[in-house]
Amino acid sequence: MKIIKAVLRKVDIPLRAPFETSFTRMDAKKTVLLELHDADGTVGYGEVSAFEIPFYNEEFRNGAWELLRTQMLPKLMGQEISHPDEMYKIFAGIRRNNMSKSAVNCALWDIYAKQADQPLARALGGTKSRVETGVSIGIQKDPETLVKVVNGYLEQGYRRIKCKIKPGKDYDYLAAVRAAFPEAMLMGDANSAYRRTDFDMLKKLDDLNLIMIEQPLEPGDLIDHADLQRTIKTPVCLDESVTSLDDTRKMIRLGSGRIINIKVARVGGLTVAKQIQQLASENGVECWCGGMIDSGVARAENVAIATLPGYTLPNDIAPSQRYFERDIIDPDIVLDGTFIDVMDVPGMGCKLNMDNLQEFTLETAMIK
Ligand code: OSB
Ligand code: MG
(Lines give C-alpha, C1' and ligand atoms only; values in the text may rest on other atoms or scores of the structure.)
(Ligands and ions follow the chains in the order given, each with its own letter.)
Protein backbone atom coordinates (compact mmCIF):
# COMPACT_ATOMS: atom_id res chain seq x y z
CA MET A 1 0.00 0.00 0.00
CA LYS A 2 0.99 3.55 -0.68
CA ILE A 3 -1.57 6.19 0.27
CA ILE A 4 -1.57 9.04 -2.23
CA LYS A 5 -4.74 10.93 -1.32
CA ALA A 6 -7.06 11.41 1.67
CA VAL A 7 -10.47 13.04 1.93
CA LEU A 8 -11.91 14.19 5.26
CA ARG A 9 -15.61 14.91 5.65
CA LYS A 10 -17.22 16.55 8.66
CA VAL A 11 -20.67 14.99 8.87
CA ASP A 12 -23.72 15.50 11.13
CA ILE A 13 -26.16 12.58 11.00
CA PRO A 14 -29.47 13.25 12.80
CA LEU A 15 -30.33 10.70 15.53
CA ARG A 16 -33.86 9.29 15.67
CA ALA A 17 -34.01 10.17 19.37
CA PRO A 18 -31.63 12.11 21.65
CA PHE A 19 -29.08 10.00 23.57
CA GLU A 20 -28.27 10.96 27.17
CA THR A 21 -25.25 9.76 29.18
CA SER A 22 -24.07 10.79 32.65
CA PHE A 23 -22.46 13.93 31.20
CA THR A 24 -24.21 14.94 28.00
CA ARG A 25 -27.15 14.66 25.64
CA MET A 26 -26.83 14.58 21.86
CA ASP A 27 -29.29 14.73 19.00
CA ALA A 28 -26.96 14.04 16.08
CA LYS A 29 -23.89 11.92 15.50
CA LYS A 30 -21.30 14.54 14.68
CA THR A 31 -18.46 12.67 13.10
CA VAL A 32 -15.50 12.82 10.72
CA LEU A 33 -15.22 10.32 7.90
CA LEU A 34 -11.87 9.48 6.43
CA GLU A 35 -11.38 8.18 2.89
CA LEU A 36 -7.91 6.92 1.93
CA HIS A 37 -6.81 6.25 -1.64
CA ASP A 38 -4.12 3.71 -2.38
CA ALA A 39 -1.83 4.18 -5.39
CA ASP A 40 -3.54 1.17 -7.06
CA GLY A 41 -6.95 2.88 -6.87
CA THR A 42 -8.34 0.96 -3.86
CA VAL A 43 -10.33 3.17 -1.48
CA GLY A 44 -10.74 2.52 2.26
CA TYR A 45 -12.89 4.17 4.91
CA GLY A 46 -12.48 5.01 8.57
CA GLU A 47 -14.38 7.12 11.08
CA VAL A 48 -13.27 9.40 13.91
CA SER A 49 -15.56 8.50 16.78
CA ALA A 50 -14.65 11.54 18.90
CA PHE A 51 -17.72 13.53 19.92
CA GLU A 52 -18.23 17.26 19.48
CA ILE A 53 -17.52 17.81 23.21
CA PRO A 54 -14.76 15.89 25.05
CA PHE A 55 -17.05 14.38 27.71
CA TYR A 56 -16.10 10.75 27.03
CA ASN A 57 -12.35 11.23 26.79
CA GLU A 58 -10.09 14.16 25.93
CA GLU A 59 -10.60 13.86 22.18
CA PHE A 60 -13.13 15.99 20.29
CA ARG A 61 -14.19 16.22 16.68
CA ASN A 62 -12.67 19.53 15.66
CA GLY A 63 -9.39 18.70 17.37
CA ALA A 64 -9.19 15.39 15.51
CA TRP A 65 -10.07 17.16 12.25
CA GLU A 66 -7.16 19.60 12.63
CA LEU A 67 -4.72 16.94 13.78
CA LEU A 68 -5.53 14.65 10.86
CA ARG A 69 -5.62 17.44 8.29
CA THR A 70 -2.46 19.26 9.26
CA GLN A 71 -0.20 16.61 10.84
CA MET A 72 -1.20 12.97 10.56
CA LEU A 73 -2.42 12.67 6.98
CA PRO A 74 0.48 14.68 5.50
CA LYS A 75 2.83 12.27 7.33
CA LEU A 76 0.99 9.26 5.89
CA MET A 77 1.10 10.37 2.25
CA GLY A 78 3.50 8.43 0.07
CA GLN A 79 4.64 5.98 2.77
CA GLU A 80 5.10 2.35 1.72
CA ILE A 81 3.02 0.19 4.08
CA SER A 82 2.83 -3.57 3.75
CA HIS A 83 0.35 -4.11 6.63
CA PRO A 84 -2.00 -1.86 8.70
CA ASP A 85 -0.09 -2.83 11.88
CA GLU A 86 2.81 -0.69 10.60
CA MET A 87 0.80 2.51 10.95
CA TYR A 88 1.79 3.02 14.58
CA LYS A 89 5.46 3.54 13.62
CA ILE A 90 4.48 6.40 11.33
CA PHE A 91 2.62 8.14 14.16
CA ALA A 92 5.10 7.30 16.91
CA GLY A 93 5.71 11.01 17.51
CA ILE A 94 2.03 11.71 18.15
CA ARG A 95 0.89 10.86 21.66
CA ARG A 96 -2.50 9.28 22.30
CA ASN A 97 -5.19 10.79 20.03
CA ASN A 98 -6.31 7.20 19.56
CA MET A 99 -9.54 8.06 17.77
CA SER A 100 -7.65 9.83 14.99
CA LYS A 101 -5.22 6.91 14.74
CA SER A 102 -8.13 4.48 14.71
CA ALA A 103 -9.73 6.17 11.70
CA VAL A 104 -6.49 5.76 9.75
CA ASN A 105 -5.89 2.20 10.96
CA CYS A 106 -9.44 1.14 10.01
CA ALA A 107 -9.19 2.71 6.55
CA LEU A 108 -5.87 0.89 6.00
CA TRP A 109 -7.45 -2.41 7.11
CA ASP A 110 -10.35 -1.79 4.73
CA ILE A 111 -7.91 -1.28 1.84
CA TYR A 112 -5.82 -4.27 2.94
CA ALA A 113 -8.88 -6.57 3.03
CA LYS A 114 -10.16 -5.30 -0.34
CA GLN A 115 -6.76 -5.94 -1.91
CA ALA A 116 -6.74 -9.45 -0.44
CA ASP A 117 -10.30 -9.91 -1.81
CA GLN A 118 -11.52 -10.85 1.69
CA PRO A 119 -14.22 -9.57 4.02
CA LEU A 120 -12.59 -7.42 6.71
CA ALA A 121 -13.84 -9.90 9.31
CA ARG A 122 -11.75 -12.68 7.73
CA ALA A 123 -8.69 -10.48 7.14
CA LEU A 124 -8.73 -9.76 10.89
CA GLY A 125 -8.93 -13.46 11.74
CA GLY A 126 -12.62 -13.46 12.62
CA THR A 127 -14.46 -16.76 12.42
CA LYS A 128 -18.10 -15.96 13.23
CA SER A 129 -20.63 -15.43 10.48
CA ARG A 130 -22.76 -13.17 12.68
CA VAL A 131 -22.29 -11.12 15.84
CA GLU A 132 -24.55 -10.75 18.82
CA THR A 133 -26.17 -7.37 19.35
CA GLY A 134 -26.96 -5.50 22.52
CA VAL A 135 -28.63 -2.18 22.98
CA SER A 136 -27.31 0.78 24.97
CA ILE A 137 -30.13 2.93 26.29
CA GLY A 138 -29.61 6.54 27.35
CA ILE A 139 -30.84 7.93 30.67
CA GLN A 140 -34.64 8.28 30.66
CA LYS A 141 -36.82 10.71 32.58
CA ASP A 142 -38.04 8.13 35.12
CA PRO A 143 -37.86 4.36 35.80
CA GLU A 144 -41.32 3.69 34.29
CA THR A 145 -40.26 5.25 31.00
CA LEU A 146 -37.07 3.18 31.04
CA VAL A 147 -39.07 -0.04 31.54
CA LYS A 148 -41.22 0.83 28.51
CA VAL A 149 -38.17 1.55 26.38
CA VAL A 150 -36.47 -1.68 27.48
CA ASN A 151 -39.61 -3.64 26.68
CA GLY A 152 -39.60 -2.23 23.15
CA TYR A 153 -36.01 -3.35 22.57
CA LEU A 154 -36.58 -6.83 24.02
CA GLU A 155 -39.51 -7.21 21.65
CA GLN A 156 -37.27 -6.25 18.72
CA GLY A 157 -34.91 -9.12 19.56
CA TYR A 158 -32.09 -7.56 21.57
CA ARG A 159 -30.98 -9.93 24.28
CA ARG A 160 -28.60 -7.77 26.28
CA ILE A 161 -29.82 -4.49 27.72
CA LYS A 162 -27.43 -1.78 28.88
CA CYS A 163 -28.81 1.23 30.71
CA LYS A 164 -26.85 4.40 31.24
CA ILE A 165 -26.77 5.39 34.92
CA LYS A 166 -25.53 8.28 37.02
CA PRO A 167 -25.82 9.21 40.72
CA GLY A 168 -29.52 9.56 41.56
CA LYS A 169 -30.59 7.75 38.40
CA ASP A 170 -29.19 4.32 39.16
CA TYR A 171 -30.56 1.76 41.62
CA ASP A 172 -34.26 2.62 41.21
CA TYR A 173 -33.96 2.61 37.43
CA LEU A 174 -32.18 -0.73 37.22
CA ALA A 175 -34.37 -2.29 39.93
CA ALA A 176 -37.50 -1.37 37.98
CA VAL A 177 -36.12 -3.02 34.85
CA ARG A 178 -35.03 -6.09 36.83
CA ALA A 179 -38.49 -6.41 38.43
CA ALA A 180 -40.17 -6.21 35.03
CA PHE A 181 -37.73 -8.58 33.28
CA PRO A 182 -36.27 -11.03 35.81
CA GLU A 183 -34.35 -13.01 33.15
CA ALA A 184 -32.91 -10.18 31.04
CA MET A 185 -29.16 -9.84 30.51
CA LEU A 186 -29.05 -6.44 32.19
CA MET A 187 -26.16 -4.06 32.94
CA GLY A 188 -25.45 -0.42 33.81
CA ASP A 189 -22.87 1.95 32.31
CA ALA A 190 -21.85 4.95 34.44
CA ASN A 191 -19.26 6.60 32.18
CA SER A 192 -17.11 7.39 35.24
CA ALA A 193 -19.83 9.16 37.23
CA TYR A 194 -18.95 7.60 40.63
CA ARG A 195 -16.14 7.97 43.20
CA ARG A 196 -14.71 5.90 46.06
CA THR A 197 -17.29 7.49 48.34
CA ASP A 198 -20.01 5.74 46.31
CA PHE A 199 -18.86 2.16 47.04
CA ASP A 200 -21.81 1.52 49.39
CA MET A 201 -24.27 2.51 46.69
CA LEU A 202 -22.47 0.43 44.05
CA LYS A 203 -22.53 -2.54 46.39
CA LYS A 204 -26.32 -2.33 46.52
CA LEU A 205 -26.37 -3.11 42.80
CA ASP A 206 -25.24 -6.65 43.71
CA ASP A 207 -28.92 -7.36 44.53
CA LEU A 208 -29.94 -6.90 40.90
CA ASN A 209 -28.06 -9.75 39.28
CA LEU A 210 -26.46 -7.49 36.68
CA ILE A 211 -24.16 -9.16 34.18
CA MET A 212 -21.70 -6.31 34.78
CA ILE A 213 -21.29 -2.68 35.73
CA GLU A 214 -19.38 -0.67 33.14
CA GLN A 215 -16.82 2.00 34.02
CA PRO A 216 -18.17 3.19 37.36
CA LEU A 217 -15.06 5.20 38.33
CA GLU A 218 -12.71 7.62 36.62
CA PRO A 219 -10.66 6.64 33.56
CA GLY A 220 -7.29 6.73 35.37
CA ASP A 221 -8.52 4.78 38.41
CA LEU A 222 -7.25 1.24 37.81
CA ILE A 223 -6.42 0.96 41.52
CA ASP A 224 -9.81 2.21 42.72
CA HIS A 225 -11.56 -0.11 40.26
CA ALA A 226 -9.53 -2.99 41.71
CA ASP A 227 -10.66 -2.03 45.23
CA LEU A 228 -14.25 -1.83 44.01
CA GLN A 229 -14.06 -5.23 42.28
CA ARG A 230 -12.89 -6.72 45.58
CA THR A 231 -15.86 -5.09 47.33
CA ILE A 232 -18.70 -6.07 44.98
CA LYS A 233 -19.83 -9.32 43.39
CA THR A 234 -21.03 -7.77 40.14
CA PRO A 235 -18.30 -8.01 37.49
CA VAL A 236 -16.67 -4.67 36.75
CA CYS A 237 -16.27 -3.95 33.02
CA LEU A 238 -13.74 -1.32 32.00
CA ASP A 239 -14.35 1.02 29.08
CA GLU A 240 -12.64 4.45 29.37
CA SER A 241 -9.85 3.03 31.59
CA VAL A 242 -8.38 0.72 28.94
CA THR A 243 -6.81 2.66 26.09
CA SER A 244 -3.85 0.42 25.22
CA LEU A 245 -2.31 -3.00 25.53
CA ASP A 246 -0.31 -1.66 28.45
CA ASP A 247 -3.46 -0.57 30.32
CA THR A 248 -4.79 -4.09 29.72
CA ARG A 249 -1.70 -5.64 31.28
CA LYS A 250 -2.04 -3.37 34.33
CA MET A 251 -5.75 -4.02 34.68
CA ILE A 252 -5.13 -7.76 34.69
CA ARG A 253 -2.27 -7.44 37.18
CA LEU A 254 -4.30 -5.27 39.56
CA GLY A 255 -7.63 -7.09 39.12
CA SER A 256 -9.39 -3.87 38.15
CA GLY A 257 -12.23 -5.71 36.44
CA ARG A 258 -13.30 -8.98 34.85
CA ILE A 259 -14.51 -7.71 31.49
CA ILE A 260 -13.37 -5.19 28.88
CA ASN A 261 -15.58 -3.22 26.55
CA ILE A 262 -13.14 -2.89 23.65
CA LYS A 263 -13.86 0.14 21.52
CA VAL A 264 -11.81 0.13 18.37
CA ALA A 265 -11.70 3.94 18.39
CA ARG A 266 -10.65 4.32 22.02
CA VAL A 267 -7.67 1.97 21.67
CA GLY A 268 -6.37 3.40 18.37
CA GLY A 269 -7.65 0.91 15.82
CA LEU A 270 -8.41 -2.65 14.82
CA THR A 271 -4.79 -3.73 15.28
CA VAL A 272 -4.78 -2.84 18.99
CA ALA A 273 -8.36 -4.07 19.51
CA LYS A 274 -7.15 -7.49 18.35
CA GLN A 275 -4.10 -7.42 20.64
CA ILE A 276 -6.08 -6.35 23.72
CA GLN A 277 -8.61 -9.14 23.24
CA GLN A 278 -5.83 -11.68 22.87
CA LEU A 279 -4.07 -10.64 26.08
CA ALA A 280 -7.38 -10.40 27.94
CA SER A 281 -8.55 -13.84 26.79
CA GLU A 282 -5.25 -15.43 27.80
CA ASN A 283 -5.87 -14.07 31.29
CA GLY A 284 -9.52 -14.98 31.73
CA VAL A 285 -10.87 -11.48 31.09
CA GLU A 286 -13.91 -11.51 28.79
CA CYS A 287 -14.35 -9.04 25.95
CA TRP A 288 -17.03 -7.49 23.82
CA CYS A 289 -17.08 -4.70 21.28
CA GLY A 290 -18.36 -1.28 22.35
CA GLY A 291 -19.73 1.56 20.26
CA MET A 292 -19.77 5.34 20.02
CA ILE A 293 -23.23 5.80 18.44
CA ASP A 294 -21.17 5.31 15.33
CA SER A 295 -22.21 5.85 11.75
CA GLY A 296 -22.49 2.73 9.61
CA VAL A 297 -18.81 2.98 8.68
CA ALA A 298 -17.39 2.45 12.17
CA ARG A 299 -20.19 0.01 12.98
CA ALA A 300 -19.38 -2.16 9.97
CA GLU A 301 -15.79 -2.26 11.23
CA ASN A 302 -17.03 -3.11 14.73
CA VAL A 303 -19.01 -5.99 13.29
CA ALA A 304 -15.80 -7.27 11.69
CA ILE A 305 -13.71 -7.22 14.89
CA ALA A 306 -16.54 -8.78 16.92
CA THR A 307 -16.31 -11.90 14.72
CA LEU A 308 -13.06 -12.82 16.47
CA PRO A 309 -13.75 -15.78 18.75
CA GLY A 310 -12.45 -13.94 21.83
CA TYR A 311 -15.29 -11.40 21.65
CA THR A 312 -17.51 -13.61 23.77
CA LEU A 313 -20.26 -11.32 25.13
CA PRO A 314 -23.03 -9.43 23.27
CA ASN A 315 -21.78 -6.17 21.78
CA ASP A 316 -22.91 -2.54 21.65
CA ILE A 317 -23.47 -2.99 17.95
CA ALA A 318 -26.98 -2.30 16.77
CA PRO A 319 -28.55 -1.97 13.32
CA SER A 320 -28.64 1.40 11.52
CA GLN A 321 -32.32 1.93 12.35
CA ARG A 322 -31.65 1.87 16.11
CA TYR A 323 -29.72 5.12 15.69
CA PHE A 324 -30.65 6.84 12.43
CA GLU A 325 -33.58 7.26 10.07
CA ARG A 326 -30.95 7.48 7.33
CA ASP A 327 -27.47 6.01 7.77
CA ILE A 328 -24.58 6.88 5.43
CA ILE A 329 -23.93 3.30 4.29
CA ASP A 330 -25.54 1.10 1.67
CA PRO A 331 -26.93 -1.38 2.50
CA ASP A 332 -27.91 -0.49 6.08
CA ILE A 333 -26.84 -2.79 8.91
CA VAL A 334 -29.93 -4.82 9.85
CA LEU A 335 -31.02 -7.07 12.69
CA ASP A 336 -31.49 -10.78 12.10
CA GLY A 337 -33.17 -12.05 15.26
CA THR A 338 -30.70 -10.97 17.93
CA PHE A 339 -27.73 -11.01 15.51
CA ILE A 340 -26.12 -8.98 12.75
CA ASP A 341 -24.87 -11.03 9.80
CA VAL A 342 -21.41 -10.48 8.41
CA MET A 343 -21.51 -9.39 4.75
CA ASP A 344 -19.60 -11.69 2.44
CA VAL A 345 -17.97 -8.95 0.34
CA PRO A 346 -14.36 -7.72 0.35
CA GLY A 347 -13.49 -5.01 2.89
CA MET A 348 -15.73 -3.50 5.52
CA GLY A 349 -18.89 -4.93 3.97
CA CYS A 350 -20.83 -1.97 2.60
CA LYS A 351 -20.57 1.03 0.31
CA LEU A 352 -21.30 4.61 1.25
CA ASN A 353 -24.75 6.04 0.60
CA MET A 354 -23.52 9.08 -1.30
CA ASP A 355 -26.90 10.87 -1.35
CA ASN A 356 -27.23 10.79 2.42
CA LEU A 357 -23.55 11.50 2.92
CA GLN A 358 -23.64 14.58 0.71
CA GLU A 359 -26.69 15.92 2.46
CA PHE A 360 -25.11 15.50 5.92
CA THR A 361 -21.64 16.82 5.03
CA LEU A 362 -20.71 20.22 6.48
CA GLU A 363 -17.14 20.51 5.27
CA THR A 364 -14.62 18.58 3.16
CA ALA A 365 -10.81 18.66 3.07
CA MET A 366 -8.43 16.92 0.68
CA ILE A 367 -4.85 15.97 1.48
CA LYS A 368 -2.46 14.84 -1.28
O1 OSB B 1 -19.67 4.43 27.25
O2 OSB B 1 -20.22 2.98 25.83
C3 OSB B 1 -20.21 4.16 26.20
C4 OSB B 1 -22.29 6.32 23.85
C5 OSB B 1 -21.68 7.53 24.01
C6 OSB B 1 -20.61 7.64 24.86
C7 OSB B 1 -20.16 6.53 25.57
C8 OSB B 1 -20.77 5.29 25.40
C9 OSB B 1 -21.87 5.20 24.54
C10 OSB B 1 -22.62 3.97 24.33
C11 OSB B 1 -23.17 3.76 22.95
O12 OSB B 1 -22.90 3.20 25.23
C13 OSB B 1 -23.14 2.38 22.44
C14 OSB B 1 -23.58 2.31 21.00
O15 OSB B 1 -22.90 2.85 20.11
O16 OSB B 1 -24.64 1.72 20.75
MG1 MG C 1 -19.15 2.76 28.26
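Sorted by class, the residues that form the shell around ligand 1 comprise 4 nonpolar, 5 polar and 4 charged residues. The model is a predicted one, and in it 13 residues lie around ligand 1, of which Tyr56, Ser136, Gly291, Ile293 and Asp316 come nearest.

## The annotated domain

An unreviewed UniProt entry lists residues 143–235 as "domain: Mandelate racemase/muconate lactonizing enzyme C-terminal".

## Helices α8 and α9

Two packed helices are described by the angle between their axes and the distance between the axes. For helix α8, which spans residues 222–231, and α9, the angle is about 35° and the axes are 9 Å apart, and the crossing of these two helices is right-handed. On the α8 side the contact is made by Leu222, Ile223 and Ala226, and on the α9 side by Lys250, Met251 and Leu254; by class, this contact has 5 nonpolar, no polar and 1 charged residues.

## Helices α9 and α11

Helix α9 (residues 245–254) also has an axis that comes within 9 Å of the axis of helix α11 (residues 270–282), and the two cross at roughly 15°. Because of that angle, α9 counts as roughly parallel to α11, and α9 passes α11 in a right-handed crossing.

In this pairing, Leu245, Thr248 and Arg249 of α9 meet Val272, Gln275, Ile276, Leu279 and Ala280 of α11. By class, the contact of α9 with α11 has 5 nonpolar, 2 polar and 1 charged residues.

Technical notes:
Residues are numbered from 1 along each chain as its sequence is written. Chains are lettered from A and ligands numbered from 1 in the order in which they are written. This is a predicted model: local features need pLDDT of at least 70, side-chain atom pairs count only at pLDDT 80 or more; totals for chains, interfaces and linings use all residues. A residue is near a molecule or strand if its C-beta atom, placed from the backbone, lies within 6 Å of it. Ala, Val, Leu, Ile, Met, Phe, Trp, Tyr, Cys and Pro count as nonpolar, Asp, Glu, Lys and Arg as charged, and the others, Gly among them, as polar. Axes are lines fitted to C-alpha atoms, for helices over the stretch in contact, and angles run from 0 to 180 degrees between N-to-C directions. Helices (H or I, at least four residues) and strands (E, at least two) are DSSP runs, numbered from the N terminus. Angles under 35 degrees count as roughly parallel, over 145 as roughly antiparallel, 65 to 115 as roughly perpendicular and the rest as oblique. A crossing is left-handed if the near helix is turned anticlockwise from the far one by less than a right angle, and right-handed if clockwise. Two residues are in contact if their C-beta atoms, placed from the backbone, lie within 7 Å. UniProt positions are given in the numbering used here, feature names are shortened, and annotations may be inferred rather than shown by experiment.
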